[in-house]
Amino acid sequence: MSNEKESSSTELKIFEAARDVFQSKGLEGARMQEIADKADINKSMLHYYYRSKEKLFEKVYELSIIKLMPQVASLLNEEMPLDVKLRKFSMKYLELVKANPDIPLFVIHEMNKNPGRLKKFIAKEIGKRVQPFLDQLKEEREKGNTVNLPPEQIFVNIMAMLVFPFLGRPVLQVIFDMDEEAFSQFIAVREAFMPDYLVSMVMKNPS
């Protein structure tokens with residue numbers, strides 16, 4: 001039992017170290033020695049758990065996406081009034097990304113380099129959860145309850161409002177002269193108004 005706990009602890013240290021290095025430097029810029037040093041193990045031990053940098057990266061990438069996407073996407077598949085869903089989705093997304101601010105940029109950066117890595121996962125885990133939301137938007141539009149835009153356009157607008165501040169953080173920090181603390185305050189302000197703002201952006205007569 002002791003050996004199992006030690007192995008689990010070592011693997012967790014490797015994962016956390018690899019996540020930090022990959023998110024800051026990407027697959028190409030990361031070095032196994034740096035990951036080993038950060039995990040406080042030798043390089044031989046690292047290779048015992050993961051024989052290649054690519055295998056370790058795939059594990060980190062997969063778990064990073066799993067940590068973020070399905071949790072927020074599942075909300076879109078729940079049965080609830082549209083205005084309630086928009087508010088809950090906004091709050092949940094911002095809560096998760098604020099706790100993991102480097103994940104969106106990390107995922108997009110690596111997806112641009114290797115689109116196939118994410119394509120299968122999105123098709124399997126995300127697409128099936130988004131479609132019911134698109135159907136709900138279409139139904140509410142036909143009833144005259146939403147702005148007169150195709151569901152896909154509304155969905156993209158929603159995601160842009162939520163995702164862009166994190167993807168554009170380096171640029172926004174320069175434009176608005178924000179350090180990390182100021183950026184955190186900036187996100188806190190968005191957390192406060194975004195749920196109602198999304199509802200007013202999508203619904204004709206928001207409640």
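1. Helices (H or I, at least four residues) and strands (E, at least two) are taken here as DSSP runs, numbered from the N terminus. On that basis the protein has 10 helices and 0 strands, and along the sequence its pattern reads α-α-α-α-α-α-α-α-α-α.

2. On provenance, this is a predicted model, in which local features need pLDDT of at least 70 and side-chain atom pairs count only at pLDDT 80 or more, while totals for chains, interfaces and linings use all residues. Residues are numbered from 1 along each chain as its sequence is written, and side-chain values use heavy atoms, with hydrogens and water left out.

3. For the protein as a whole, 41% of the 207 residues count as buried, where buried means under 20% relative accessible area, exposed means over 50% and partly exposed lies in between (1.4 Å probe, protein chains only). With contact defined as heavy atoms within 4.5 Å, 66% of the contacts between residues at least 6 apart in sequence join residues at least 24 apart.

4. Two packed helices are described by the angle between their axes and the distance between the axes. The axes are lines fitted to C-alpha atoms, for helices over the stretch in contact, and the angles run from 0 to 180 degrees between N-to-C directions. For helix H5 (residues 82–99) and helix H8 (residues 151–167), the axes come within 11 Å and cross at roughly 15°. H5 is therefore roughly parallel to H8, given that angles under 35 degrees count as roughly parallel, over 145 as roughly antiparallel, 65 to 115 as roughly perpendicular and the rest as oblique. The crossing of H5 and H8 is right-handed; a crossing has that hand if the near helix is turned clockwise from the far one by less than a right angle, and is left-handed if anticlockwise.

5. Which residues in H5 and H8 meet? On the H5 side they are Leu-86, Phe-89, Ser-90, Tyr-93, Leu-94, Val-97 and Lys-98, and on the H8 side Ile-158, Met-159, Leu-162, Val-163 and Phe-166. By class, the contact of H5 with H8 has 10 nonpolar, 1 polar and 1 charged residues, with Ala, Val, Leu, Ile, Met, Phe, Trp, Tyr, Cys and Pro counted as nonpolar, Asp, Glu, Lys and Arg as charged, and the others, Gly among them, as polar.

6. H5 also packs with H10: their axes come within 9 Å and cross at roughly 155°, and the two helices are therefore roughly antiparallel to each other. This crossing of H5 and H10 is right-handed. The residues in H5 that meet H10 include Leu-82, Asp-83, Arg-87 and Glu-95, and their counterparts in H10 include Arg-190, Glu-191, Met-194 and Asp-196. The residues of the contact of H5 with H10 divide into 10 nonpolar, 1 polar and 7 charged.

7. Rings of Phe, Tyr and Trp (its six-membered ring) pair if their centres lie within 6.5 Å, and planes under 30 degrees apart count as stacked, over 60 as edge-to-face and the rest as tilted. By this rule there are 8 aromatic pairs. The rings of Phe-133 and Phe-155 have centres 6.2 Å apart and planes at 65°, so this pair is edge-to-face. Because Phe-133 lies in helix H7 (residues 115–142) and Phe-155 in helix H8, the pair ties together parts that are 22 residues apart in sequence. Phe-133 is buried, at a relative accessible area of 2%.

8. The rings of Phe-166 and Phe-183 have centres 6.5 Å apart and planes at 85°, so that pair is edge-to-face as well. Phe-166 lies in helix H8 and Phe-183 in helix H10 (residues 180–202), so the pair ties together parts that are 17 residues apart in sequence. Both Phe-166 and Phe-183 are buried, and ring pairs link Phe-166, Phe-176, Phe-183 and Phe-186 into a cluster.

9. Pro-101 lies in the loop between H5 and helix H6 (103–113) and is partly exposed, with a relative accessible area of 25%. Not counting residues up to four places away in sequence, Pro-101 touches Phe-166 and Arg-169.

10. On backbone geometry, Asp-40 has a positive phi of about 60° although it is not a glycine; Asp-40 sits in the loop between helix H2 (32–39) and helix H3 (43–49) and is exposed, at 65% relative accessible area. Asp-177, not a glycine either, has a positive phi of about 50°, and is found in the loop between helix H9 (169–175) and H10.
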